[in-house]
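Reader: Could we go through this structure together, beginning with the terms and then moving to the packing?

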Amino acid sequence: MKTGFSCCCPSLIPSRETASFYLLFVLIALYMLAGAAIFSSLERPVELQAHQLWERRLQDFSQVHNISYEDLKSLLHHYEEARTAGIRTERGRALWDIPGAFYFVGTVVSTIGFGVTAPSTVTGKILLLFYGLLGCSATILFFNLFLERVITLLSFLILWCQRRRNGHGELNSRASDNNQEWKPSIYHVTSILFVAVLLVACGAASLYSAMEGWTYFESLYFCFVAFSTVGFGDFVSGQRKQHEESRTYQVANCLLMLLGVCCTYSLFNAVSVIIKQGLNWMLRTLAWMYSGICRYRLQLRPLFKMCFSASDTPLYYYENDTQHRQQHKWKQHATEKEEPQ
């Protein structure tokens with residue numbers, strides 16, 4: 001039956017790559033649902049408390065200062081609009097001078113998008129569409145080329161270390177076999193990239209903790225959000241008024257962002273290869289379980305035949321029920337012919 005089905009509808013049988021795609025989609029959906037449930041249980045009560053506290057403070061402020069509650073909310077609404085243009089209660093650095101604009105385009109092409117700075121003019125918004133399309137594409141290409149060079153460098157270092165340990169002859173013959181370039185294991189690459197990301201994040205967190213006034217944990221949190229290009233915008237570096245004069249910190253901030261994003265992007269690519277290997281293992285396991293169930297059914301089929309043959313009324317097991325009905329009609333027709341004789 002499976003053979004006939006595959007011959008009639010070969011396009012409905014997914015390939016290994018398509019099956020991996022479907023399986024990954026299901027796993028990501030389940031992962032997101034689990035994450036949504038966890039974060040909702042953690043953050044929703046705090047959100048409700050913050051709303052209640054804010055409403056109580058507005059009511060108290062309007063009563064103490066004899067200000068209409070609606071007028072106060074209107075003023076706060078205007079402030080929210082002004083905040084989009086870069087207006088803050090505490091004056092920060094200029095957002096649209098050359099260093100500020102450079103910081104903005106850096107967050108655009110790296111896909112971080114903190115949201116602190118955004119174009120307010122219609123021309124700027126239209127220009128951003130085309131600027132971001134070309135800039136993001138070029139930056140992703142740069143990240144891929146960076147990953148290739150990291151793998152090449154790691155291959156050279158690992159091969160050099162193994163030559164020093166085991167001698168030159170064995171590894172020279174291995175590297176020259178089939179004229180193929182020797183490459184390190186994906187697990188070695190992932191481990192080294194993880195250590196590199198950890199070192200960069202810890203070093204950057206020390207700098208941000210000293211310059212921004214954050215705790216070390218908040219600085220580590222910012223490094224992950226920024227280096228992974230998530231960019232929530234709750235913590236943004238280099239936005240204080242005193243940072244406008246410290247050019248060294250601005251340059252160091254940009255370089256740390258670039259290095260951190262490159263290393264983290266490379267780590268994500270390496271981990272994605274491991275995840276794909278895990279998906280292939282899961283598909284092989286499912287195929288093995290399915291084949292085992294089929295073999296188990298074939299082994300039990302003779303047992304069912306013996307049980308049915310031992311009963312009073314002879315029953316016959318057929319895979320095709322139509323064949324069973326036809327043979328039953330033939331027997332009944334032959335019995336009707338023999339009865340007159």
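Reader: Before we continue, what are the ground rules for the model?
Author: This is a predicted model, in which local features need pLDDT of at least 70, side-chain atom pairs count only at pLDDT 80 or more, and totals for chains, interfaces and linings use all residues. Residues are numbered from 1 along each chain as its sequence is written, and side-chain values use heavy atoms, with hydrogens and water left out.

Reader: How many helices and strands does the protein chain have?
Author: The protein chain has 10 helices and 0 strands. Both are DSSP runs numbered from the N terminus, helices being H or I with at least four residues and strands E with at least two.

Reader: And what percentage of the residues is buried?
Author: Buried residues make up 23% of the 341 residues in the protein chain. Buried means under 20% relative accessible area, exposed over 50%, and partly exposed in between, using a 1.4 Å probe and protein chains only.

Reader: At what angle do helix 4 and helix 5 pack?
Author: Helix 4 (residues 98-109) and helix 5 (residues 122-166) pack at an angle of about 65°, and their axes are 8 Å apart. Axes here are lines fitted to C-alpha atoms, for helices over the stretch in contact, and angles run from 0 to 180 degrees between N-to-C directions.

Reader: Which residues make that contact?
Author: Helix 4 contributes Phe104, Val105, Val108 and Val109, while helix 5 contributes Leu128, Tyr131, Gly132, Gly135, Cys136 and Thr139.

Reader: Turning to the largest nonpolar core, which residues touch the most other members?
Author: The core has 21 residues, and Phe114, Tyr208, Phe222, Cys223, Phe227 and Met257 touch the most other members. A nonpolar core is a set of buried Ala, Val, Leu, Ile, Met, Phe, Trp, Tyr and Cys residues joined through side-chain atoms within 4.5 Å. At least two residues of this core come from each of helix 7 (186-212), helix 8 (216-227) and helix 9 (247-309).

Reader: What is Met257 in contact with?
Author: Leaving aside neighbours within four places in sequence, Met257 is in contact with Tyr103, Ile112, Phe114, Tyr208, Phe222, Ala226, Phe227 and Ser237. There is also a second, separate core of 9 residues, which includes Val150, Leu154, Leu193 and Val197.

Reader: Which residues of helix 8 are buried?
Author: They are Ser219, Phe222, Cys223, Val225, Ala226 and Phe227.

Methods: Contact = heavy atoms within 4.5 Å.
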